[in-house]
Amino acid sequence: MARKPRIHYTGAVYHVMLRGNAGQNIFFDHQDYSIFEQLVAEGVERFNHQVHGYCWMSNHIHMVIEVADIPLSKIIQNLSFRYTRWINKRENRTGHLFQGRYKALLIDTDNYLLELIRYIHLNPVRSKLVNSPADYPWSGHQAYLGNVNCDWLSTDWILGLFDRKKNPARKAYQRFVSKGLGEAYRKEFHIGNQGGVALGDEAFFIKLPEFEKSRRLQNSPQLELSEINKQVCRFFQIPESLLKTKDRSLLASKLRSFAALIFSEQSGSISQVADYYGRDISTISRQITNLKRKMLTDNTLEKELNRLKKQLNAKTQA
């Protein structure tokens, strides 16, 4: 069965969930949590999104993310890739750390945002790790109370829903969270009510086509695929026509996957890549997946890709 496409538009808010592969741990000591938070902070700076709530559990994570222009897929792929590389290097292991594709629900913020923040920050209590969310160090709860400083966590929006003044807002937030201490697992926060991609009321879903149309206009690819192909071939000093032939060499496959990955990160579709190169969608998708997997252990590949991206960025700014 084909995966449902993610709904993306500037200002969209998602409940993001990442789980360890086969239920394995993703954090092994306190340093891991700190490294993960450092990578989250770097991502916020780089991609200009906001994190409104979070909770790191030993084998999974929850985040509430509001995106700007950069698609959520690029944000999470960058985070999971860099953290996986850290763990694999330190633990002397290979392979995937996270379980397949991340889960992300588009959230109707008017009706579900506050309850979702509370639900996420109470996760350690439901799991019986602590009796109070204030006793758990790896969630956004303490920052909302003003007990710790977390520069990359955005609290103003949520606190502003309680009171315009910070101290009364924090007290109101604390009372709100306390009222949910007995709350059990809520299925809708995990699977939504719109085919597993969103959670909202009827009015929210009626507006989605307008949001999507705006997103398509704002986030059309910065470079045409033909230009990306041209720059890839120039970078590796091969004829431009090579990648559009039936050449199945390792080099040709590698460079097609480079072009496909770069184009998809610009919000271009894999189907466009498949049509351009005369390949099956499954083939292009598999090549992108293989490229990402190889980059986990091959720093040379990542360096080549980053140099190529810099060249392309210079092209768009010229």
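In which helix does Asn-78 lie? Asn-78 belongs to helix α2, where helices are DSSP runs of H or I with at least four residues, numbered from the N terminus. The model is predicted, so that local features need pLDDT of at least 70 and side-chain atom pairs count only at pLDDT 80 or more, while totals for chains, interfaces and linings use all residues. Residues are numbered from 1 along each chain as its sequence is written, and side-chain values use heavy atoms, with hydrogens and water left out.

Asn-78 is buried, with a relative accessible area of 17%; buried means under 20% relative accessible area, exposed means over 50%, and partly exposed lies in between, for a 1.4 Å probe and protein chains only. When neighbours within four places in sequence are left aside, Asn-78 is in contact with Arg-46 and Phe-47, contact meaning heavy atoms within 4.5 Å. Helix α1 spans residues 30-47 and contains His-30. His-30 is exposed, its relative accessible area being 58%. Between His-30 and Trp-138 there are 108 residues of separation in sequence, yet 9.7 Å in space, C-alpha to C-alpha.

The discussion now turns to charged pairs. A search of the whole structure finds 10 salt bridges, a salt bridge being a side-chain nitrogen of Lys or Arg within 4 Å of a carboxyl oxygen of Asp or Glu. In one of them, the side chains of Glu-302 and Arg-85 meet at 2.0 Å, N to O. Because Glu-302 lies in helix α14 (residues 299-317) and Arg-85 in helix α2 (residues 72-91), this pair ties together parts that are 217 residues apart in sequence. Glu-302 is buried, with a relative accessible area of 16%, whereas Arg-85 is partly exposed at 24%.

Helix α14 also contributes Glu-304. The side chain of Glu-304 forms a salt bridge with that of Lys-254 (2.9 Å, N to O). Since Lys-254 lies in helix α11, the pair links parts that are 50 residues apart in sequence. Glu-304 is buried, with a relative accessible area of 14%, and Lys-254 is partly exposed, with a value of 24%.

A further salt bridge joins the side chains of Arg-186 and Glu-188 (2.7 Å, N to O). Here Arg-186 is buried, with a relative accessible area of 16%, and Glu-188 is partly exposed, with 24%.

The remaining topic is the packing of helices around α12. Two packed helices are described by the angle between their axes and the distance between the axes. Axes are lines fitted to C-alpha atoms, for helices over the stretch in contact, and angles run from 0 to 180 degrees between N-to-C directions.

Helix α12 (residues 270-277) packs with helix α13 (residues 281-295) at an angle of about 110 degrees, the axes being 8 Å apart. That angle makes α12 roughly perpendicular to α13; angles of 65 to 115 degrees count as roughly perpendicular, under 35 as roughly parallel, over 145 as roughly antiparallel and the rest as oblique. The crossing of α12 and α13 is right-handed, that is, the near helix is turned clockwise from the far one by less than a right angle, and anticlockwise in a left-handed crossing. From α12, Ile-270, Ser-271, Val-273 and Ala-274 meet Ile-281, Ile-284, Ser-285 and Ile-288 of α13. This contact has six nonpolar, two polar and no charged residues, where Ala, Val, Leu, Ile, Met, Phe, Trp, Tyr, Cys and Pro count as nonpolar, Asp, Glu, Lys and Arg as charged, and the others, Gly among them, as polar.

Helix α11 (residues 250-265) packs with α12 at about 145 degrees, with the axes 9 Å apart, and their crossing is right-handed. Arg-256, Ala-259, Ala-260 and Phe-263 of α11 make the contact with Gln-272, Val-273 and Tyr-277 of α12. By class, the residues are five nonpolar, one polar and one charged.

Helix α10 (residues 225-235) meets α12 at an angle of about 65 degrees, with the axes 11 Å apart. The crossing of α10 and α12 is right-handed. Leu-225, Ser-226 and Asn-229 of α10 touch Gln-272, Val-273, Tyr-276 and Tyr-277 of α12, and the residues of this contact divide into four nonpolar, three polar and no charged.

How values were computed
Helix = DSSP H or I, 4+ residues; strand = E, 2+ residues; numbered from the N terminus.
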